[in-house]
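Please read the following note alongside the sequence and the structure. The points are numbered so that each may be checked in turn.

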Amino acid sequence: MELNPGAEVERYDVETLLGEGGMAIVYRVRHRTLGSLHALKILTVTSPKLRERLIREGRVQATMQHPNVVAVTDVVDVRGTPGLIMQYVDGPTLESWLDQSLPALSEAERIFHGVLDAVEAAHAVGVVHRDLKPANVLLARTPSGLVPRVADFGIARAVDDDEHVRSTRSGAAMGTPAFMAPEQIRDARSVDHRADIFSLGCILYEMTTGKPAFKDGNVLDVFEAISQNRYRHPLDVKPGLPAGIVSAIEGALLADRDQRIPDCATFRAVMRGQQVWSA
C-alpha cells in the first residue's frame, strides 16, 4: 500500500518511506498534535482475523517498556489494513551495519547483549519473536554509541496463527530461512522460546565471524543444513574467538531443541564463560 508524503492516517501525517520488505511497508510519520516522530508499519499480508491478533500482541508489547525493544504505541486502520505505530529509531539496521564492516569483538558483544536482554524480556511475558534476524534489529544512535532495539515482536506469530494468510504465502513456514530453527521449519505453530535461542545463535555467529552460519540460497538446501546441524565451525571462520562465544554458538545452534541452550540467562552465562554447555 503506497502512501504519499502528506497523507493522513488517523492522528498521524506521513513524511517519508523508510523501507519495504516481503511482509510490510514502513513509513516515518509525525503525530499531528504532539509533533513526535514515529514509524508506521503497514502489513502487506492481512485478513480479518489478523488485525484482532495484532491488537492483542500489541497490548503485550506495550507492557514490556524495555530499552532494547522497539515500542508499539498504537494500532491504526490504513484503508482497511492494520498498521502498527512504533517508536521511531534513527539509525541503521544491524543487517546493513554488518554489511559495511565487521565490528570489533567488544562492540559486537555489547550490542548482542542488548539484543539478548530484549529477547529475555519478551520471553518473560510469554512473547516469542519467531523471526529474529539482523534486519529486525535497529541500531539507535545515542551519545554513548549504538543501542540495539529489536522490532516486530508478535507479527510472526500473528501471521502463523492465521490460516488464510499462511495459505496465501509462498512457503508454509513463517520466518527467514537462514535464521529458522529446525522445529520451526517442520511446524511453525508449535515453536516455543527455544526457536528464538537458535536465531540468536545465528545472529551471534554472524556478528563475531562476519559470515552467516547458514547461507541464503536454495531454501531446501538451507533447511537441510539447519536440520543436520551443518555449518562451518566459528573458529574455522574467525580464529581466536573466545571459548565462551564459541560454546554459546554451538549450544544455541543444536538441531534438537531439548539439547539446545534453554534460555537467555543460560546463553548469557555460557557466553561469559560462567557456565559450560554440552549437549
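Where is the place of D263?

1. The model under discussion is predicted. In it, D263 lies in the loop between α10 (243-252) and α11.

2. Two relations of D263 deserve attention. The side chain of D263 makes a polar contact of 2.7 Å with the side chain of T266. Along the sequence, D263 and H123 are 140 residues apart, while their C-alpha atoms are 8.8 Å apart in space.

3. H123 is one of the buried residues of α3, among which are also A108, I111, F112 and L116. The elements that cover these buried residues include α2 (94-100), β7 (137-142), β8 (145-150), α7 (193-209) and α11 (264-271).

4. The length of α3 can be checked by calculation. Helix α3 (residues 105-124) has 20 residues, which at 1.5 Å a residue should span 28 Å; the C-alpha atoms at its ends are 28 Å apart, so the two values agree. Just after α3, G126 adopts a positive phi of about 85 degrees.

5. A separate matter is the open sheet, in which 6 strands follow the order β1-β2-β3-β4-β6-β5 with antiparallel pairing. Because β1 (8-9) and β5 (72-78) stand at the edges with a single partner strand each, one side of each has no neighbour in the sheet.

6. Within this sheet, β4 (residues 37-43) pairs with β6 (residues 81-87) in the antiparallel sense over 5 bridges. The bridge partner of L40 in β6 is I85.

Methods
Residues are numbered from 1 along each chain as its sequence is written. This is a predicted model: local features need pLDDT of at least 70, side-chain atom pairs count only at pLDDT 80 or more; totals for chains, interfaces and linings use all residues. Side-chain values use heavy atoms; hydrogens and water are left out. Two strands pair if DSSP finds at least two bridges between them. Helices (H or I, at least four residues) and strands (E, at least two) are DSSP runs, numbered from the N terminus. The expected span of a helix is 1.5 Å times one less than its number of residues. Buried means under 20% relative accessible area, exposed over 50%, partly exposed in between (1.4 Å probe, protein chains only). Contact means heavy atoms within 4.5 Å. A polar contact is a pair of N or O atoms within 3.5 Å; within protein, one must be able to donate a hydrogen and the other to accept it, and residues adjacent in sequence count only if both atoms are side-chain atoms.
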